[in-house]
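New page in the notebook.

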Amino acid sequence: AGSNYNTISNNDIRSNSGGGITISSSHNNISNNIFSSNSGIGVNMLSGTNNSISNNNISLNSENGIKAGSSGNRFSNNTLTNNADNGIYIQIDDNTFSNNTITMGAGAGYGLYIDFGQYDNYIYQNNTVNGEKIYYYFNSNIAQTVTVEPLTVSKVSNIGKISLIKS
């Protein structure tokens with residue numbers, strides 16, 4: 001268990017041996033913090049719902065920048081830079097990701113990594129990885145045109161998954 005309805009903001013959380021912060025409760029606001037150079041995960045959402053993780057600078061952690069391991073949480077306006085594993089690692093459905101800026105260095109994992117079968121998340125196109133928008137469609141029934149230079153796919157509907165891998 002953990003303590004609910006907390007606000008953690010304007011802290012510099014760095015160089016810890018067990019990661020930056022682990023959240024195991026609900027209705028918390030984690031904002032305007034620096035999570036940097038920690039041995040482990042920068043922000044570990046272990047359990048709990050209705051948490052807001054926003055406006056944080058998460059960089060140079062030895063594992064994932066953010067690990068989303070519980071559902072019903074919002075991750076927005078975070079800047080994730082050069083974390084060793086993945087920028088954001090999604091382990092479970094039903095989270096919202098908007099306006100996060102992810103920069104990955106050479107040899108690191110993925111900007112956004114989603115565990116197999118955990119696709120039902122709200123991932124908006126205003127998220128970026130290395131300056132490129134994330135195009136994420138899951139169970140979309142709306143006819144759309146997706147343009148990713150030089151690829152264009154028109155009237156996309158009822159597809160299970162499109163994976164574009166840049167080599």
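Below are my entries, going from the whole chain down to single side chains.

**Entry: the whole chain**

I'm working with a predicted model here, so everything below is computed from it. I started with the secondary structure and found zero helices and 20 strands in the chain. Next I looked up burial: the chain has 167 residues, and 38% of them count as buried. The accessible surface comes to about 8,900 Å². Carbon and sulfur atoms account for 47% of that surface. I also looked at contacts with a separation of 6 or more, and 29% of these are between residues 24 or more positions apart.

**Entry: a five-stranded sheet**

In what order do the five strands of the open sheet come? I read off S3-S6-S9-S12-S15, with parallel pairing. At the edges I find S3 (21-24) and S15 (112-114). Each of these two has a single partner strand, so one side of each is left without a neighbour in the sheet. I noted the twist too: from one strand to the next, it averages 15°.

**Entry: strand S3 up close**

S3 runs parallel to S6 (residues 43-47), and four bridges join the two. Going residue by residue, I see Ile23 opposite Met45 in S6, and Ser24 opposite Ser47 in S6.

Which residues of S3 are on its covered face, and which on the uncovered one? Ile21 and Ile23 make up the covered face, while Thr22 and Ser24 make up the uncovered one. A reminder to myself: side chains in a regular strand alternate between the two faces of the sheet.

**Entry: aromatic rings**

How many aromatic pairs does the whole structure hold? My search gives three.

I opened Phe75 and Phe97, which form a stacked pair.

Then I turned to Tyr89 and Tyr113. Their ring centres lie 5.5 Å apart and the planes meet at 55°, so I put this pair down as tilted. Tyr89 belongs to strand S12 (residues 88-90) and Tyr113 to strand S15, so the pair ties together parts that are 24 residues apart in sequence.

Tyr89 has a relative accessible area of 15%, so I count Tyr89 as buried. Tyr113 comes out at 32%, so Tyr113 goes down as partly exposed. One more thing from the ring search: Tyr89, Tyr110 and Tyr113 are linked by ring pairs into a cluster.

**Entry: charges**

Side chains of opposite charge can pair when their charged atoms come close. How many salt bridges does the structure hold? I count one. The partners are Arg14 and Asp12, and their closest N and O atoms are 2.7 Å apart. Arg14 has a relative accessible area of 40%, so Arg14 is partly exposed. Asp12, at 48%, is partly exposed as well.

Key:
Residues numbered from 1 in each chain as written. Predicted model: local features only at pLDDT ≥ 70, side-chain atom pairs only at ≥ 80, totals over all residues. Heavy atoms only, no water. Pairing = 2+ DSSP bridges. Axes fitted to C-alpha atoms, helices over the stretch in contact; angles between N-to-C directions. Buried < 20%, exposed > 50% of the residue type's maximum accessible area, 1.4 Å probe, protein only. Contact = heavy atoms within 4.5 Å. Areas by Shrake-Rupley, 256 points an atom, 1.4 Å probe, with all protein chains shown as cover. Phe/Tyr/Trp six-rings, centres within 6.5 Å; stacked < 30°, edge-to-face > 60°. Salt bridge = Lys/Arg side-chain N within 4 Å of Asp/Glu carboxyl O.
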